[in-house]
Amino acid sequence: MKTDIHPAYGYVVFHDRSADRSFLTKSTLVAKASQLPTIEWEDGNTYPLVNVEVSSYSHPFYTGKNVVLDTAGQVQKFNARYGKRTKSQA
């Protein structure tokens with residue numbers, strides 16, 4: 001492998017502001033650690049902090065709180081307006 005071509009990769013804390021939950025994971029954002037605020041994690045170490053609006057804690061796909069649209073009703077409305085017509089209906 002070539003040396004010095006890969007970005008720095010280390011631990012970063014992501015804080016989901018909408019769910020007010022945080023998690024520790026590895027990321028290439030550790031390269032910008034000098035520009036990021038820091039937080040003391042549960043293990044006693046200090047890590048860079050990245051604030052996000054949506055994560056797996058708050059995204060509807062992961063939480064199971066998806067909104068299901070009534071597509072059957074829309075199809076019925078469409079067919080009622082523009083469906084096939086017989087000669088007697090025209």
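## Reading contacts, strands and a buried serine

Analyst: In this predicted model, residues 24 or more positions apart account for 35% of the contacts in the protein with a separation of 6 or more; contact means heavy atoms within 4.5 Å. Residues are numbered from 1 along each chain as its sequence is written, and side-chain values use heavy atoms, with hydrogens and water left out. Because the model is predicted, local features need pLDDT of at least 70 and side-chain atom pairs count only at pLDDT 80 or more, while totals for chains, interfaces and linings use all residues.

User: How many bridges join strand 1 to strand 2, and how many join strand 1 to strand 4?

Analyst: Strand 1 (residues 10-16) runs antiparallel to strand 2, and seven bridges join them. Gly-10 has Ser-27 as its bridge partner, and Val-13 has Leu-24. Strand 1 runs parallel to strand 4, with four bridges between them; Phe-14 is bridged to Val-50. Three bridges join strand 3 to strand 4 in antiparallel fashion, with Thr-38 partnered by Pro-48.

User: Which residues in the hairpin turns have a positive phi?

Analyst: Strands 1 and 2 form a hairpin with four residues between them, and Asp-20 in the turn has a positive phi of about 55°. Strands 3 and 4 form another hairpin, with five residues between them; in that turn, Gly-44 has a positive phi of about 90°.

User: Is Ser-55 buried or exposed?

Analyst: Relative accessible area sets the class: buried is under 20%, exposed over 50%, and partly exposed in between (1.4 Å probe, protein chains only). Ser-55, with 10%, is buried. Ser-55 lies in the loop between strand 4 (46-52) and helix 1 (60-63). Leaving aside neighbours within four places in sequence, Ser-55 is in contact with Asp-16 and Phe-23. The side chains of Ser-55 and Asp-16 make a polar contact at 2.6 Å, that is, a donor and an acceptor among N or O atoms within 3.5 Å, where residues adjacent in sequence count only if both atoms are side-chain atoms. Across the protein, buried residues make up 16% of the 90 residues.

User: Which residues form the aromatic cluster?

Analyst: Rings of Phe, Tyr and Trp (its six-membered ring) pair if their centres lie within 6.5 Å, with planes under 30 degrees apart stacked, over 60 edge-to-face and the rest tilted. The whole structure holds three aromatic pairs, and Phe-14, Phe-23 and Tyr-57 form one cluster. Phe-14 is the bridge partner of Val-50 in strand 4, while Phe-23 is in contact with Ser-55.

Definitions and conventions
Two strands pair if DSSP finds at least two bridges between them. Helices (H or I, at least four residues) and strands (E, at least two) are DSSP runs, numbered from the N terminus.
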